[in-house]
Amino acid sequence: MKRVLAFDVYGTLIDTHGVVESLHQHLGDSAEEFSRRWRDKQLEYAFRRGLMGAFADFSQCTRDALEFVDRAMGTRLGETDKERLMGVYGRLPAFDDVAPALSRMAELHLKRVAFSNGSRRAVEGLLDQAGVLGQFDDIVSVEEVKRFKPDPAVYAFLHNRLEVPAHETWLVSCNPFDVIGAKHAGLRAAWVRRSAEAPFDTWGGEPDLTVSSLDELAERLG
């Protein structure tokens, strides 16, 4: 049986702050703060919708978060600007280590799955424009269960769908909430700590493996 690596997409494979360059055109020096708050609010809205049982496509959470941060920061973006930024979000770049690391993992005969809060269509589009869609054996989206990570039902769906025991399924994510959610559900987890300053949550247990990049993950697994 192949060991399964389930890769989080937003923030792990795809750089969610890749929108900063476009934001600079509108907001100047406020671009990085806007990007950070947009991402934080996007996740908050997904969590809240999950708790409320009010599932919506992740793109809706992204758009709602954009509207909120625009109001909160008083940036007064026009509707055309917002539509343009949402378009940029659908074309975010992959991190530089993604393609070579996935190729190395293929050589190690590891099953590679994209596992995301985003819709299958959005994930396919992001991975395709990054040139790595063909590197994945499958795409698993939460839209199939209409819940969001870190709901335990989402992780159970992942390993049941793949017909692999939980303890043979590895989540790979840069998001501590995702790592903790996977561990809570019985999966193994690797935390990709892309920034040396990034803290891990002080509760929920430790990841099985901590790496600074996907290249390091491939090396450790090899």
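**Strand pairing and the sheet**

Reader: What makes β2 and β3 a pair?

Author: β2 and β3 pair in the parallel sense over 4 bridges. A pair requires at least two bridges found by DSSP, so β2 and β3, with 4 bridges, qualify. The names themselves denote DSSP runs numbered from the N terminus: helices are H or I runs of at least four residues, and strands are E runs of at least two. Within this pair, alanine 114 has isoleucine 139 of β3 as its bridge partner. The model is a predicted one, in which local features need pLDDT of at least 70 and side-chain atom pairs count only at pLDDT 80 or more, while totals for chains, interfaces and linings use all residues. Residues are numbered from 1 along each chain as its sequence is written, and side-chain values use heavy atoms, with hydrogens and water left out.

Reader: How many strands does the open sheet have, and what is their order?

Author: The open sheet has 6 strands, paired in parallel in the order β3-β2-β1-β4-β5-β6. β3 (138–141) and β6 (209–211) each have a single partner strand, so they stand at the edges and one side of each lacks a neighbour in the sheet. On average, neighbouring strands are turned by 25° against each other, direction ignored.

Reader: Why are both faces of β3 called covered?

Author: Asp138 and Val140 on one side, and Ile139 and Ser141 on the other, are all buried. Buried means under 20% relative accessible area, exposed means over 50%, and partly exposed lies in between (1.4 Å probe, protein chains only). In β5, 4 of the 5 residues are buried, and that strand is mostly covered.

**Helices**

Reader: Which strands does helix α7 lie across?

Author: Helix α7 (residues 152–162) lies across β1, β2 (111–116), β3 and β4, and runs at about 150° to β3. Helix α9 (residues 214–221) packs on the sheet as well, touching β1, β4, β5 (188–192) and β6, with its direction at about 135° to that of β6. Such angles run from 0 to 180 degrees between N-to-C directions, and axes are lines fitted to C-alpha atoms, for helices over the stretch in contact.

Reader: Which residues of α2 and α4 meet?

Author: Trp38, Arg39 and Gln42 of α2 meet Leu85, Met86 and Tyr89 of α4.

**Individual residues**

Reader: Why is glutamine 42 called buried?

Author: Glutamine 42, located in helix α2, has 0% relative accessibility and therefore counts as buried. Beyond four places in sequence, glutamine 42 touches Phe58, Cys61, Thr62, Ala65 and Tyr89, where contact means heavy atoms within 4.5 Å.

Reader: Why is arginine 91 called exposed?

Author: Arginine 91 has a relative accessible area of 53% and is therefore exposed. Arginine 91 lies in the loop between α4 and α5 (98–107). Leaving aside neighbours within four places in sequence, arginine 91 contacts Leu126 and Gln129. Its C-alpha atom is separated by 9.2 Å from that of leucine 127, 36 residues apart along the chain.

Reader: What is the phi of lysine 146, and what is the omega between lysine 149 and proline 150?

Author: Most residues other than glycine have a negative phi, and most peptide bonds are trans. Lysine 146, in the loop between β3 and α7, has a positive phi near 55°. At 54% relative accessible area, lysine 146 is exposed. Proline 150 is in the loop between β3 and α7, and the bond joining lysine 149 to proline 150 is cis, with omega about 15°. Glutamate 163, in the loop between α7 and β4, also has a positive phi, about 55°, and is exposed at 69% relative accessible area.
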